[in-house]
Amino acid sequence: MSEVINNLETVVLNQVLPEVRESEPQFVKPIVSSIVYILTAPFDLKDAYEHAAYVSTNDEFEVETVKVMNERLQQIMDTLETTPSSKLGKFIIKLYMNSLGELASKSESWKHLYNEIHKVYAS
């Protein structure tokens, strides 16, 4: 799992402008860790769905994954005492969606998750 986390962390960090990473590391690091936490949901749930391979044809798994990812995002917003409409909340959602979009460009399974989650945040 540590390799997965390292890969996800790299994807998320690459979505942050280098000047922001350098000028605000105390701000960026916990936000990146939070986004990685959200993105590990499919891997955490895979164990619960022993019969499920992480593929786009498993609708039940996909629905549950989207639900857990949204719950994790809400937990982070609550912990940081922010809302999706605040400056911080918008930054977190943008970083989350950009990271998810990057993963979606590399994998069909991530693409399905991105499309489902994008429906929520596009409005």
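**Helix packing and aromatic pairs**

Ile93, Tyr96, Met97, Leu100, Gly101, Leu103 and Ala104 of helix 6 are in contact with Trp110, Lys111, Tyr114, Ile117, His118 and Tyr121 of helix 7, where contact means heavy atoms within 4.5 Å. By class, the residues of this contact comprise 10 nonpolar, two polar and one charged; Ala, Val, Leu, Ile, Met, Phe, Trp, Tyr, Cys and Pro count as nonpolar, Asp, Glu, Lys and Arg as charged, and the others, Gly among them, as polar. The model is predicted, so that local features need pLDDT of at least 70 and side-chain atom pairs count only at pLDDT 80 or more, whereas totals for chains, interfaces and linings use all residues. Residues are numbered from 1 along each chain as its sequence is written, and side-chain values use heavy atoms, with hydrogens and water left out.

Two packed helices are described by the angle between their axes and the distance between the axes. Helix 6 (residues 87-104) and helix 7 (residues 108-121) pack at an angle of about 150°, and their axes are 8 Å apart. The axes are lines fitted to C-alpha atoms, for helices over the stretch in contact, and the angles run from 0 to 180 degrees between N-to-C directions. Helix 6 and helix 7 are therefore roughly antiparallel, a term for angles over 145 degrees, while those under 35 count as roughly parallel, 65 to 115 as roughly perpendicular and the rest as oblique.

Phe27 and Phe91 form a tilted pair, 5.5 Å centre to centre with 40° between the planes. Phe27 belongs to helix 3 (residues 25-39) and Phe91 to helix 6, so the pair ties together parts that are 64 residues apart in sequence. Phe27 is partly exposed at a relative accessible area of 32%, as is Phe91 at 28%; buried means under 20%, exposed over 50%, and partly exposed in between (1.4 Å probe, protein chains only).

The rings of Phe43 and Trp110 have centres 6.1 Å apart and planes at 50°, so this pair is tilted. Because Phe43 lies in helix 4 (residues 41-48) and Trp110 in helix 7, the pair ties together parts that are 67 residues apart in sequence. Phe43 is partly exposed at 26% relative accessibility, whereas Trp110 is buried at 7%.

Pro25 lies in helix 3 and is partly exposed, with 42% relative accessibility. Apart from neighbours within four places in sequence, Pro25 is in contact with Val20 and Pro30.

Finally, the chain as a whole has seven helices and zero strands, defined as DSSP runs (helices H or I, at least four residues; strands E, at least two) numbered from the N terminus. Of its 123 residues, 37% count as buried. Among the contacts with a separation of 6 or more, 61% join residues 24 or more positions apart.

Technical notes: Rings of Phe, Tyr and Trp (its six-membered ring) pair if their centres lie within 6.5 Å; planes under 30 degrees apart count as stacked, over 60 as edge-to-face and the rest as tilted.
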